[in-house]
Amino acid sequence: MKKTSIVVSILLALAIAVAAHPGTILLNAAGATFPYPIYSKWFDVYHQKDPNVQINYQSIGSGGGIRQLLAGTVDFGASDGPMSDEQLKEAKFKILHFPTVLGAVIPIYNVSGVSGELNFTQKALAGIYLGTITKWNDPEIAKANSGVNLPASDIVVVHRADGSGTSYIFTDFLSKVSDDWKNKVGKGTSVQWPVGLGGKGNEGVSGLVKQTPGSVGYVELIYAVQNGITFGKVQNASGKFVKADLAGVTAAAAAAAKDMPDDFRVSITNQSGPTVYPISSFTWLLIPAQISDATKRDAIKGFLKWMLTDGQGYNEGLAYARLPKPVVEKEMKAIALIQ
């Protein structure tokens, strides 16, 4: 009897909430896990600003977000990698890309006797994931880590098992720095990994690395920062070893902003510059160009304008870099394309 009354009370509370906001516009979205912390913050703050707009976001990975958008089961999607020409052709409607924030992918590891920050050359990362560099004391790793006592143990490679924008960014970088990787594996949210164990999400990858001696993996910067995970420096296009931070990510974006294409589909991995962190990326919202429901269309456009202005003020507190001003200005004009 008591259980029944509790259920009735919950249903009554929901009914009152709906009645209090009869004009609520519910937007459903899904996709990238990479920007989930900032998206969650934005959607909550924006709902407080405009109680009539409620955005429900499923953090299911970039691949899932693109699939749901193409299937028409969400109002908009999100991806850490821009949609390919093939995916855009597959769509039954025009899709616009809107960069939202900047982030980074970083290498994590569990090496016996090594607690500090390791340096990873571009060749080392490509070789490890190709399976051609198999020992921690390999000369390619050792030469970049003078004074570090690297063991002769096997390297256990860990990668994402799910379709992931984080994997897209990482494999996009590897494709730029290694012809072998580009020709044998390539870039994508999902690829045929030459070696290694698969973990689902940042949690799965970091969990496997933590419990597997001799392992190496990759996760998003924000995840490593929030969970106190030690991560390595990566050699950039200028030959410098750079630890991922907001300044390095911003430098990567600044180098690419001047050549930003009209559709915003651009890669900023391995940009030139001594302070650039090389595994950096924009992440995008994927918005239909034609939205027949005028209330949803106006709500999405209103959120985009807020996200590109006031919303950017929340980025740095969650370890994301702000969008460059020229990109913001270009995006504000592009919002008019949503009709």
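1. Basis. The model is predicted: local features need pLDDT of at least 70, side-chain atom pairs count only at pLDDT 80 or more, and totals for chains, interfaces and linings use all residues. Residues are numbered from 1 along each chain as its sequence is written, and side-chain values use heavy atoms, with hydrogens and water left out.

2. Nonpolar core. The largest nonpolar core holds 108 residues, and Tyr-129 and Phe-282 have the most contacts inside it. Such a core is a set of buried Ala, Val, Leu, Ile, Met, Phe, Trp, Tyr and Cys residues joined through side-chain atoms within 4.5 Å. Buried means under 20% relative accessible area, exposed over 50%, and partly exposed in between, with a 1.4 Å probe and protein chains only. Strand β4 (residues 95-110) gives the most to this core, with 10 residues. Helices (H or I, at least four residues) and strands (E, at least two) are DSSP runs, numbered from the N terminus.

3. Helix α5. Of the 9 residues of α5 (residues 122-130), 8 are buried, so the helix is largely enclosed by the rest of the structure. The buried residues include Gln-122, Ala-124 and Tyr-129. Apart from neighbours within four places in sequence, Tyr-129 has contacts (heavy atoms within 4.5 Å) with residues including Val-157, Phe-170, Trp-181, Trp-193 and Tyr-218. After α5 comes Gly-131, with a positive phi near 85°.

4. Leu-69. This residue lies in helix α3 (residues 62-71) and is buried, at a relative accessible area of 1%. Not counting residues up to four places away in sequence, Leu-69 touches Val-74, Asp-75, Phe-76, Gly-77, Phe-93, Ile-95, Leu-286 and Pro-288.

5. Three-stranded sheet. β5, β9 and β10 form an open sheet in the order β5-β9-β10, with mixed pairing; two strands pair if DSSP finds at least two bridges between them. The edge strands, each pairing on one side only, are β5 (119-120) and β10 (241-242). β5 runs parallel to β9 (residues 233-235) over 2 bridges, and Asn-119 stands opposite Lys-233 in β9.

6. Cavity. The whole structure has 1 cavity of 30 Å³ or more, and the largest cavity has a volume of about 40 Å³. On a 1 Å grid over the protein atoms alone, a cavity is a set of points where a 1.4 Å probe fits but cannot get out, a pocket is an open set with protein on both sides within 12 Å along at least five of seven lines, and lining residues have an atom within 4 Å of a point. Grid points are joined across faces, edges and corners, and a volume is the space filled by probe spheres set on the points. Among the residues lining the largest cavity are Asp-80, Tyr-168, Asp-172 and Trp-284.

7. The largest pocket has a volume of about 290 Å³. Of its 16 lining residues, Tyr-109, Ser-206, Lys-210, Ile-229 and Thr-230 are the closest to its centre. Helix α9 gives the most to this lining, with 5 residues. The second largest pocket has about 220 Å³ of space and is lined by 16 residues, with Thr-33, Tyr-36, Ser-59, Asn-202 and Glu-203 nearest its centre. The elements giving two or more residues to the lining of the second largest pocket are α2 (36-49), α9 and α10 (221-226).
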